[in-house]
Amino acid sequence: AARRHASNTAEAAARAAVSTGTPLTSFDHARARSIAVDHAARAGIEPADVEVRVDAESVTVTITERRDTVFLVLGGAETMTVHASGTATLVYSP
């Protein structure tokens, strides 16, 4: 569930960030980064756990999610950490 949440959040944050680009202006890197981090924060991800890479035509968001364990605590693992990335590409269509 943690991996799925991280993946879904990363993909949605990348899509939100890529929507800041236009055929005329490309990307405002700072704005795209800010929108991706804000989107992830609304999904419960700490800003420090969000990495954003903005290229000429795409945005990649990597999420690190930490969750307390329920059953793994019996084996000594109290938390688990998962990483997931999502990429969105700006596509121009006539």
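**Starting at T9**

T9 is buried, with a relative accessible area of 5%. This is a predicted model, so please keep that in mind throughout. T9 lies in helix α1. Leaving out residues up to four places away in sequence, T9 touches H39, A40, A43, I45 and I63. T9 and A41 are 32 residues apart in sequence, and their C-alpha atoms are 9.4 Å apart in space.

Now the chain as a whole. The protein chain has two helices and three strands, and along the sequence they follow the pattern α-α-β-β-β. There are 94 residues in the protein chain, and buried residues make up 37% of them. Take the contacts between residues at least 6 apart in sequence: 52% of these join residues at least 24 apart.

Back to the helix that holds T9. Helix α1 covers residues 2-18, which is 17 residues. From first C-alpha to last, α1 reaches 24 Å, close to the 24 Å expected at 1.5 Å a residue. Which residues of α1 are buried? They are A2, A6, T9, A10, A12, A13, A14, A16, A17 and V18. An α-helix has 3.6 residues a turn, so residues three or four places apart point the same way. What do the buried residues of α1 pack against? The answer is α2 (29-42), β2 (58-68) and β3 (79-89).

Next, the two helices together. α1 and α2 pack at an angle of about 145 degrees, with their axes 8 Å apart. Their crossing is right-handed. On the α1 side, the contact is made by T9, A12, A13, A16 and A17; on the α2 side, by A32, I35, A36, H39 and A40. By class, this contact of α1 with α2 has eight nonpolar residues, two polar ones and no charged ones.

In soluble globular proteins, nonpolar side chains tend to be buried together. Here the largest nonpolar core has 23 residues, and those with the most contacts inside it are V50, V52, V59, V61 and I63. At least two residues of this core come from each of α1, α2, β1 (50-54), β2 and β3. The largest share, seven residues, comes from α1.

V61 is worth a look on screen. Not counting residues up to four places away in sequence, V61 touches A10, A13, A14, A36, V50, E51, V52, A84, S85 and G86.

Two more residues before I stop. The first topic is A88, which sits in strand β3. Is A88 buried or exposed? A88 counts as buried because its relative accessibility is 6%, and the cut-off for buried is under 20%. Outside the four places on either side in sequence, A88 touches A14, R15, V18, E57, S58 and V59. The C-alpha atoms of A88 and E11 are separated by 7.2 Å, although these residues are 77 apart along the chain.

S58, one of the residues that A88 touches, is found in strand β2. S58 is buried as well, with a relative accessible area of 13%. Setting aside neighbours within four places in sequence, S58 is in contact with F27, R53, T87, A88 and T89.

How values were computed. Residues numbered from 1 in each chain as written. Predicted model: local features only at pLDDT ≥ 70, side-chain atom pairs only at ≥ 80, totals over all residues. Heavy atoms only, no water. Helix = DSSP H or I, 4+ residues; strand = E, 2+ residues; numbered from the N terminus. Expected span 1.5 Å × (residues − 1). Buried < 20%, exposed > 50% of the residue type's maximum accessible area, 1.4 Å probe, protein only. Contact = heavy atoms within 4.5 Å. Axes fitted to C-alpha atoms, helices over the stretch in contact; angles between N-to-C directions. Left-handed = near helix turned anticlockwise from the far one by under 90°. Nonpolar A, V, L, I, M, F, W, Y, C, P; charged D, E, K, R; others polar. Core = buried A, V, L, I, M, F, W, Y, C linked by side-chain atoms within 4.5 Å.
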